[in-house]
Amino acid sequence: MGRSQRHPQSTGNDSCPDSLSPPAVHEAMMSENKEKNSQQEDPEQVELQGNFWRRAKGNFSQSLEQDKAWRILQRPERQLGNHSIKKEEESIECGIGCKDPKQTAAPQTNPKEEKPYKCLSCGKSFNQKSNLITHQRIHTGEKPHKCLDCGKSFSQKSSLIIHGRKHTGERPYKCFECGKCFNQISNLTTHQRIHTGEKPHKCLKCGKRFSQRSALITHQRIHTGEKPHKCLDCGKSFSQRSALITHQRIHMADKMYKCLKCGKSFSVKSALVMHHTIHAGKKLHKCLDCGKSFRDSSNLTKHRRIHTGERIYQCLDCGKSFNRKSNLLTHRRTHTGEKPHKCWDCGKSFSQRSSLMKHVKIHTGERPYKCLECGKCFNQNINLITHKRTHTGERPYKCLYCEKSFTVRSALITHQRIHTGEKPHKCLDCGKSFSQRPALTTHQRMHTGEKPFKCLNCGKSFTVRSTLITHQAIHTGKKSHKCLDCGKSFSQSSSLIKHGRMHTGEKPYVCLECGKSFSQRSSLIIHGRMHTGEKPYKCLECGKCFIQRSNLVTHQRSHSGERPHECLDCGKSFKVRSALVTHQRIHTGEKPHKCLDCGKSFSRRSALITHEIIHTGEKPHKCLDCKKSFNNSSNLTKHRRIHTRGNDSRNTSTAGKGSVRALTLLPVSNPQKRENLNVEESSVGAPTESSLVNSTQLQAAPTPRWTSETPPHSREILSGP
């Protein structure tokens with residue numbers, strides 16, 4: 001086939017912007033076909049479509065004339081000749097004017113193969129010079145097309161035309177399914193995929209599909225971890241630009257969306273729309289399972305996962321799953337240690353913004369949530385809801401094992417660990433596990449020695465806040481909890497409960513090993529260490545271990561020499577307070593321990609126990625040598641000295657006895673008696689060789705065996721004949 005023929009109507013006086021792109025030409029052709037096919041259906045619609053087609057056709061003709069003039073001016077640069085220019089003009093014109101496809105059978109080159117126009121800045125190639133010129137504006141930053149309404153500039157005229165529709169409100173592209181209109185045909189194409197369900201863009205990592213390519217690109221950043229959008233103020237990065245824009249409003253304090261009813265402002269329009277439902281009181285989205293209603297569909301979607309048990313967001317570090325993405329993001333900060341929300345008053349950081357908002361109320365003292373029953377105020381709404389249950393008696397959280405009910409869900413979760421035996425919180429220093437995290441935090445202070453709770457009156461520090469509160473009652477002297485049986489008062493209700501068991505004799509804590517019962521749980525825990533042999537409290541000075549912390553504290557005073565408990569009467573100091581209490585009874589004469597049999601009183605309980613053995617006749621202390629029994633240990637100790645003396649004398653040789661007897665100081669002055677004494681000694685037993693040697697040494701010793709304090713009659717015996 002030869003050169004294509006011109007369309008007879010291509011030289012009209014109609015005009016169009018010179019940037020009408022090939023898609024616009026295609027749309028014009030489609031409009032012409034629809035005009036021909038619908039002429040017999042609706043005369044009014046045909047007339048409207050005819051007017052639109054005439055405008056588009058005239059605009060295209062003007063664009064073609066301008067394009068021809070531009071090509072003639074650029075003829076020396078292109079060096080392609082008149083023939084190629086005319087051929088290109090005719091082929092473009094024939095795209096809109098020719099009706100016979102045979103007339104357009106001229107040979108054409110593949111644009112993918114031939115790209116003669118190359119960008120010198122980045123090396124990218126194009127098959128048309130106009131595309132190269134448009135592309136170069138990216139490097140130069142040139143934006144020659146300016147909007148006359150708002151002054152915004154664009155690098156392409158087509159972008160200016162699309163932008164102009166925002167001011168005019170024109171939306172020429174209509175969806176035939178739902179009637180929704182759009183200002184760009186690309187938006188219409190994307191929208192129609194909602195009706196068709198088409199999702200042409202597939203993720204190669206997880207297989208998830210998307211209707212828009214931009215959504216696929218954003219999704220792929222989840223796998224790559226890419227966050228190209230960085231905040232210049234704080235350095236935080238985001239995977240989406242919209243998230244960065246929203247974040248930057250925190251620094252600028254820009255809240256451009258304002259509620260006209262209450263004046264509250266928001267940085268995001270969606271937040272304003274959701275806020276409007278509060279004033280309207282509308283909750284259009286209802287859960288079919290439990291009947292609960294929500295203001296927006298996203299909250300309903302999240303709520304339904306509670307019923308279905310769906311947890312689509314999984315942590316890649318520990319495998320834990322969540323039903324909300326926000327919960328996953330918050331959880332991941334436990335692995336990374338990130339705490340992006342910082343308090344400007346005290347510098348404390350938090351992993352969640354909600355935790356920061358709660359913390360700030362501590363500094364401001366704000367308590368906006370008030371109970372209408374008792375007038376008590378709270379800084380959180382959830383605390384007010386929980387508090388109201390004390391008035392109503394409501395306990396919505398029930399244990400499935402023992403049917404015990406709780407007002408708070410967290411209390412139920414903690415309680416259920418008693419049945420399951422779960423202790424998820426483990427100490428990395430000693431390996432001990434706990435069912436509650438606060439218990440682990442308190443335990444770890446044993447290893448670190450941290451005591452963050454300090455008394456402002458005396459400067460003493462404590463590891464637990466409750467201990468500080470108990471201690472402060474010493475300074476205030478306030479004891480509001482009184483025992484009805486004996487009248488004794490206590491600063492804490494827990495102390496009163498423990499004291500009451502003395503009157504009732506209740507011992508609810510039973511040892512499973514030996515069956516012994518205790519009135520306090522702490523006493524049972526300490527007792528249990530006797531069976532297990534556990535001694536968790538170690539002295540850093542000598543390495544000695546103890547079952548109780550109080551024993552360690554008392555022991556450490558032996559190294560430091562500290563005696564903090566001083567008697568006000570005589571000034572004597574003691575390491576233990578109990579020793580001071582016992583000592584003070586010497587000054588007061590108090591004897592609180594009374595014998596029920598004879599009425600005798602004692603200042604110490606141990607003395608009473610020893611005394612009661614007199615009435616019972618019990619002799620629990622038995623000698624292992626002669627089987628003799630005694631009523632107290634001191635008598636047994638004295639008795640055992642008899643056996644130890646006998647053992648020492650039996651172990652001594654006979655010569656030793658002679659020498660000892662010879663050394664015995666006797667008041668004998670008559671030599672005859674002294675001879676009789678020697679005879680009696682010899683009759684006891686014949687002297688051994690060693691005794692003879694000792695006697696010879698004794699007689700031959702020239703040095704006196706006495707001192708200045710020895711009596712005269714004894715000196716004679718020591719001196720010898």
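## Basis of the values

The structure is a predicted model, in which local features need pLDDT of at least 70 and side-chain atom pairs count only at pLDDT 80 or more, while totals for chains, interfaces and linings use all residues. Residues are numbered from 1 along each chain as its sequence is written, and side-chain values use heavy atoms, with hydrogens and water left out.

## The protein as a whole

The protein contains 27 helices and 38 strands; helices (H or I, at least four residues) and strands (E, at least two) are DSSP runs numbered from the N terminus. Of its 721 residues, 21% count as buried, a term that denotes under 20% relative accessible area with a 1.4 Å probe and protein chains only.

Among contacts (heavy atoms within 4.5 Å) with a separation of 6 or more, 12% involve residues 24 or more positions apart.

## Helix H22

Helix H22 spans residues 605–616 and has 12 residues. From first C-alpha to last it reaches 17 Å, close to the expected 16 Å, the expected span being 1.5 Å times one less than the number of residues.

Leu-608, His-611 and Ile-613 are buried in H22. The cover over the buried residues of H22 includes strand E35 (593–594) and strand E36 (601–602).

## Arg-445

Arg-445 lies in helix H16, residues 437–448. Arg-445 is buried yet has no salt bridge, defined as a side-chain nitrogen of Lys or Arg within 4 Å of a carboxyl oxygen of Asp or Glu. The nearest side chain of opposite charge is that of Glu-450, 4.2 Å away; Lys and Arg count as positive and Asp and Glu as negative, with His and the chain ends not counted.

The Arg-445 side chain does reach the backbone oxygen of Thr-463, at 2.3 Å. Apart from neighbours within four places in sequence, Arg-445 contacts Glu-450, Pro-452, Phe-453, Thr-463 and Val-464.

## His-499

Helix H18 (residues 493–504) holds His-499. His-499 counts as buried because its relative accessible area is 8%.

A polar contact of 3.1 Å links the side chains of His-499 and His-503; such a contact is a pair of N or O atoms within 3.5 Å, where within protein one must be able to donate a hydrogen and the other to accept it, and residues adjacent in sequence count only if both atoms are side-chain atoms. Not counting residues up to four places away in sequence, His-499 touches Cys-483, Cys-486, Lys-488 and Phe-490.

How values were computed
Buried < 20%, exposed > 50% of the residue type's maximum accessible area, 1.4 Å probe, protein only.
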